[in-house]
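Hello,

Here is the structure I promised to pass on to you.

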Amino acid sequence: MIKKIEAAIRPDKMNQVMQALIDEGAIGVTAIEVKGRGREGGMELQWRTGTYLVHLLPRILISIVCNEDDVERNVEAIRKAAFTGQKGDGIIFVSPVESVIRISTGEEDTDALSYASENGVAG
């Protein structure tokens, strides 16, 4: 079965998370700059004119599609690398993927996720 991992993390943790995923052998990773909020409820900032509440904080949304066998280690790599111990560290979602099609080759599902098929390597 194929799964999708999405993680909303602090922008300053992006490099550590990417390195952790590379170390775990993650091949395809997409990252998007987003804004959001969770339990921390935003942030109160002080400015010359007074204080104000920022409801949506900058985050990086990381998306990985992988085989079910790789989910646990990828999730753990993200969790460890993104951890600060403070509110707002982020959140990770894991969901099923119905289908994957590689546009360049027409390969489907687990074949489309394989590094070997992309590089002409047997196996």
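Let me begin with the salt bridges: the count comes to six, where a salt bridge is a side-chain nitrogen of Lys or Arg within 4 Å of a carboxyl oxygen of Asp or Glu. Please keep in mind that this is a predicted model, in which local features need pLDDT of at least 70 and side-chain atom pairs count only at pLDDT 80 or more, while totals for chains, interfaces and linings use all residues. Residues are numbered from 1 along each chain as its sequence is written, and side-chain values use heavy atoms, with hydrogens and water left out.

Helices (H or I, at least four residues) and strands (E, at least two) are DSSP runs, numbered from the N terminus. Arg73 is partly exposed at 37% relative accessibility, and Glu24 is partly exposed at 32%; the term covers values between buried (under 20% relative accessible area) and exposed (over 50%), with a 1.4 Å probe and protein chains only.

Arg73 also meets Asp70 in a salt bridge, at 3.2 Å from N to O. Both of these residues lie in helix 2, three residues apart, about one turn of the helix.

Helix 2 holds another pair, Arg79 and Glu76, about one helical turn from each other. The closest N and O atoms of their salt bridge are 2.7 Å apart. Arg79 is partly exposed at 41%, as is Glu76 at 31%.

Now to the largest pocket, with a volume of about 430 Å³. A pocket here is an open set of points on a 1 Å grid over the protein atoms alone, where a 1.4 Å probe fits, with protein on both sides within 12 Å along at least five of seven lines; lining residues have an atom within 4 Å of a point. The volume is the space filled by probe spheres set on the points. Of the 23 lining residues, Ile27, Gly28, Val65, Cys66 and Leu113 are the closest to the pocket's centre. Strand 5 (57-67) gives the largest share of the lining, five residues.

Best wishes
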